[in-house]
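Hi there,

Here is the structure I promised to pass on to you. Have a look at it first, and then read on for what turned up in it.

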Amino acid sequence: MRWENLTEGPAGPAALFGADAVVTRTIDTPEFRGITFHEVRARSIVNRVPGASRMPFEWTVNPYRGCSHACVYCFARKTHSYLDLDTGLGFDSQIVVKTNAPELLRHELAAPRWTGAHIAMGTNVDCYQRAEGRYRLMPGIIEALRDRANPFSILTKGTLILRDLPLLREAAEVTEVGISVSVGFTDTALWRTVEPGTPSPAARLNAVRTLTDAGIECGVLMAPVIPFLGDSPAQLRDTVRAVAESGATSVTPLVLHLRPGAREWFTAWLGEHHPHLVERYERMYAGGAYAPTWYQRMITRQVHELAAEFGIGPARRGAARRIAGTDGPDGPAPAGATQLTLL
């Protein structure tokens with residue numbers, strides 16, 4: 001791998017870390033087998049979102065690059081090409097860890113030029129992926145935000161967020177904290193093939209329950225809704241019902257989008273597992289990274305109608321919901337498991 005794109009040299013002050021600040025580790029334990037960690041000393045941690053982005057926020061903090069969740073559709077795959085790593089297996093197994101993220105964040109939040117703007121986390125790669133269990137960067141990050149009363153939000157597929165529940169409650173007492181879990185579907189067969197490194201949908205929804213029971217409002221980003229694989233009326237109903245049972249304060253659907261990097265990897269996966277769908281996807285995404293507007297509106301309308309039916313929405317914000325006589329695909333939902341949102 002080459003580090004020139006991110007290290008000191010021609011890039012000068014714009015470099016993200018020094019060339020002598022990279023330590024590569026391979027850890028031979030079952031939970032990290034096949035994963036290589038590249039520990040770096042970052043030069044900056046609060047990043048401005050490009051103006052052309054569709055994201056509803058301006059600043060982000062990303063303590064990791066690459067993600068062991070290995071979601072085949074992940075839009076962030078392209079970012080690994082900046083390191084001359086491939087956007088497929090390299091993205092899943094070569095994880096860059098910004099080991100000084102908490103201390104650097106404290107420094108940047110204290111700068112006179114910082115005005116206390118909202119900071120979003122988990123919007124590029126998941127800040128509660130497996131690496132966080134080893135490096136424990138998020139407690140220090142949350143503490144820094146709490147101590148400055150700086151508003152923030154977290155989006156995650158990782159139930160490890162529950163470890164930091166006490167810190168999240170402390171932060172919520174002094175500033176605005178937004179938490180969301182990403183659950184695009186409850187189909188376990190689909191989950192095992194497209195999100196192989198993530199906790200199950202049921203585990204994530206249990207995390208939502210734990211968060212809401214602890215008094216922290218938690219929404220669900222229903223993402224991605226995958227055309228022809230996770231978008232049938234029955235699948236949408238099952239997912240929204242499970243979200244309602246979790247006590248989520250909101251549900252927001254987001255249809256699969258396929259940016260460069262993710263598109264090639266997802267198409268290869270599709271050709272192996274569902275070859276009969278390749279041509280349908282080529283037609284659906286012929287116009288670019290996003291599904292046609294008519295399709296996105298159709299999914300949004302169906303999810304909103306189901307949300308109203310099951311009582312999810314502003315009118316019942318924060319209310320816990322249990323729907324009698326239903327179990328998730330993994331059996332009865334146990335209390336406690338959550339995910340964060342980019343909303």
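This is a predicted model: local features need pLDDT of at least 70, side-chain atom pairs count only at pLDDT 80 or more; totals for chains, interfaces and linings use all residues.

Which way do the side chains of E6 point? Gln 94, Val 96 and Lys 98 point one way, Ile 95 and Val 97 point the other way, and all are buried. In a regular strand, side chains alternate between the two faces of the sheet.

Strand E2, residues 36–42, pairs with E6 in the parallel sense, over five bridges. Strand E5, residues 64–65, pairs with E6 in the antiparallel sense, over two bridges. Here Arg 65 has Val 96 of E6 as its bridge partner.

**Salt bridges**

How many salt bridges does the structure hold? There are eleven. One of them joins the side chains of Arg 163 and Glu 132, with an N to O distance of 2.7 Å. This pair links distant parts of the chain: Arg 163 lies in the loop between strand E8 (152–156) and helix H5 (165–172), while Glu 132 belongs to helix H3 (residues 131–135), and the two are 31 residues apart.

Are these two residues buried or exposed? Glu 132 has a relative accessibility of 0%, so it counts as buried. Arg 163 has a relative accessibility of 25%, so this residue counts as partly exposed.

Arg 163 also meets the side chain of Asp 164 in a salt bridge, at 2.9 Å from N to O. Asp 164 counts as buried because its relative accessibility is 3%.

Another salt bridge is formed by Glu 195 and Arg 204, whose closest N and O atoms are 2.6 Å apart. Why is Glu 195 called buried? Its relative accessible area is 1%, and the cut-off for buried is under 20%. Arg 204 is buried too, with a relative accessible area of 0%.

Finally, there is a network to trace by eye: Arg 106, Arg 146, Asp 147 and Glu 170 are linked in it by salt bridges.

Happy exploring, and do write back with any questions.

Best wishes

Notes: Residues are numbered from 1 along each chain as its sequence is written. Side-chain values use heavy atoms; hydrogens and water are left out. Buried means under 20% relative accessible area, exposed over 50%, partly exposed in between (1.4 Å probe, protein chains only). Helices (H or I, at least four residues) and strands (E, at least two) are DSSP runs, numbered from the N terminus. Two strands pair if DSSP finds at least two bridges between them. A salt bridge is a side-chain nitrogen of Lys or Arg within 4 Å of a carboxyl oxygen of Asp or Glu.
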